[in-house]
Amino acid sequence: AGVTRMARLNVTRDRELIGRIHRLVVLAFGIYGTAVLAVTALASLLVGRWWLTDASVESIEQIRRACLLLGAYVWISYVHNADLALLTALLRQGEANLCRAGAEALFGLTAIGFLAHGARIDVLLAAQVLTTLAVATAVRISLRFRSIISRWEWTWPDRTVVAQVLVATGGSYFLFGLAQFALMYADVFVVGAVLGSEAVTAYIVVWKIAEFAGLVISRISETLSPYLTRIGAHGSVSELRALFLTTSRLQHGLAIAVGCGYALIGPWLVGGWVGVENRPTQWWLYALCGGGIVFQVVNRHDVILHFALDRNGRLVVPHIVEVSLKLGLTVVFFPALGFGAPLAAFAVVQVFGMTWWYRRAALQLVRIGWREWWQKVAGPVSVEFGLIIACVLAVAPWATTWSWGMSVVSGCVLTMAIGLVAHRQRRQGAGELFASVTCLLSKY
């Protein structure tokens, strides 16, 4: 909500108003994070009483610490996101994305060191809290040093700004954020409640790298958000359509390429993180994670369009439906699939409904139909990527048995295949298409 409002303002003429909106966003995120922290603290008190009742004393203590650390992480990251939102609204998305990528990379390095003392969920979350706090502090000091933000001065928020940001725009963002939080973390609690802490750790280990890859690719869509906002406010529908469809084509290609890569070399990556002896050995887990990357990225692109045009209110109910279906199917799949149930449930929900709903809603905003979407986004690479996906699934069952060298070779072969597809697309005019979009972005 804050990014949408700030992106519509003039950086020079409306500097004071941008500052007021930023301070309001910091305050709102702080209050919201505190509420989440209170919920996770309550959950920690109920461990061993209402859930994980049959767990050992050591596991109960571990999950209690994990709940508190999760609440602390949410609070820090939400307040930090207010600063990143300011950078994004000022069209400094590259800097904001660098901060996000740096935080994830630092988390990965810290987690490796922490996990050397044992694969525990509270240790993983402790690493996330420490690295997020370090990056958030560095960003705040940098913003203050460069005079992008002024010294903090306590004043009551302007009622007009509150009405515009938190009520008119922020209400639907808040509801969607709650549903998004549930989608991201509820499966972890369900796995812990049903299968125990060891299953939670295994689930996080196999999904975390894939989730990180999806988040990195999704930054491209999030970087476009202020541009989409400005085009929506001051440009034409044809310009909005051209930007959305071209970048959607890019995101589909990148997501499929990375998803296929994780299905092949995911076992090697996870083994390098936690040790070969500690990694899950079921090949289909990595294939499902690869599919999860695809759905995560392409859905996020559609969601970002709604955010940029201040139409995210229409996403709240579908997102709640998605969360409910995923959790329900997860419980159904537990007996057969164990901690892989959330991954299978997510894939089923997307393939048989939700991803197509997000796509249809986005196409309605740019006023086109499925035929034009197929012609400009999916159709040009459907045959090539279909063959690549089929080949990956054919060899994926043996990926967990490959040596380091075989994993590298398979990754190189996949990269060459993707490169050939990209080269062919460029010769067919994709290069000129992206060049025109670059000129469009420079206009705004």
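**Exercise 1. Decide whether Trp268 is buried, partly exposed or exposed.**

Step 1. Take the cut-offs: buried means under 20% relative accessible area, exposed over 50%, and partly exposed in between (1.4 Å probe, protein chains only).
Step 2. Trp268 has 32% relative accessibility, so Trp268 counts as partly exposed.
Step 3. Helices (H or I, at least four residues) and strands (E, at least two) are DSSP runs, numbered from the N terminus.

A word on the source: this is a predicted model, in which local features need pLDDT of at least 70, side-chain atom pairs count only at pLDDT 80 or more, and totals for chains, interfaces and linings use all residues. Residues are numbered from 1 along each chain as its sequence is written, and side-chain values use heavy atoms, with hydrogens and water left out.

**Exercise 2. Find the nonpolar patch that includes Trp268.**

Step 1. Know the rule. Patches are made of residues with over 30% relative accessible area and no salt bridge; like charges are joined within 9 Å, nonpolar side chains (Val, Leu, Ile, Met, Phe, Trp, Tyr) within 5 Å.
Step 2. List the members: Trp268, Leu269, Trp404 and Val408 form the patch on the surface. Together they have about 370 Å² of accessible area (Shrake-Rupley method, 1.4 Å probe; for residues, only the protein chains shown count as cover).
Step 3. Name the elements. H8 and H14 each give two or more residues to this patch.

**Exercise 3. Describe the setting of Ser407.**

Step 1. Ser407 sits in helix H14, residues 404-443.
Step 2. Its relative accessibility is 3%, so Ser407 is buried.
Step 3. Look for contacts (heavy atoms within 4.5 Å). Neighbours within four places in sequence are left aside; Ser407 then touches Ile265, Trp268 and Trp402.

**Exercise 4. Characterise the whole chain.**

Step 1. Count elements: there are 14 helices and zero strands.
Step 2. Check burial. Of the 444 residues, 51% count as buried.
Step 3. Check the reach of contacts. Among those between residues at least 6 apart in sequence, 80% join residues at least 24 apart.
Step 4. Check the surface. The accessible surface comes to about 20600 Å², and 68% of this belongs to carbon and sulfur atoms.

**Exercise 5. Classify the ring pair of Tyr262 and Tyr286.**

Step 1. A pair of aromatic rings is described by the distance of the centres and the angle of the planes.
Step 2. Apply the cut-offs. Rings of Phe, Tyr and Trp (its six-membered ring) pair if their centres lie within 6.5 Å; planes under 30 degrees apart count as stacked, over 60 as edge-to-face and the rest as tilted.
Step 3. A search of the whole structure finds eight aromatic pairs. In the pair of Tyr262 and Tyr286, the centres are 6.1 Å apart and the planes stand at 45°, so the pair is tilted.
Step 4. Locate the partners. Tyr262 is in helix H8 (residues 237-274) and Tyr286 in helix H9 (residues 283-308), 24 residues apart.
Step 5. Check burial. Tyr262 is buried at 3% relative accessible area, and Tyr286 is buried at 0%.
Step 6. Note a cluster elsewhere: ring pairs link Phe29, Tyr32 and Tyr78.

Technical notes: Salt bridge = Lys/Arg side-chain N within 4 Å of Asp/Glu carboxyl O.
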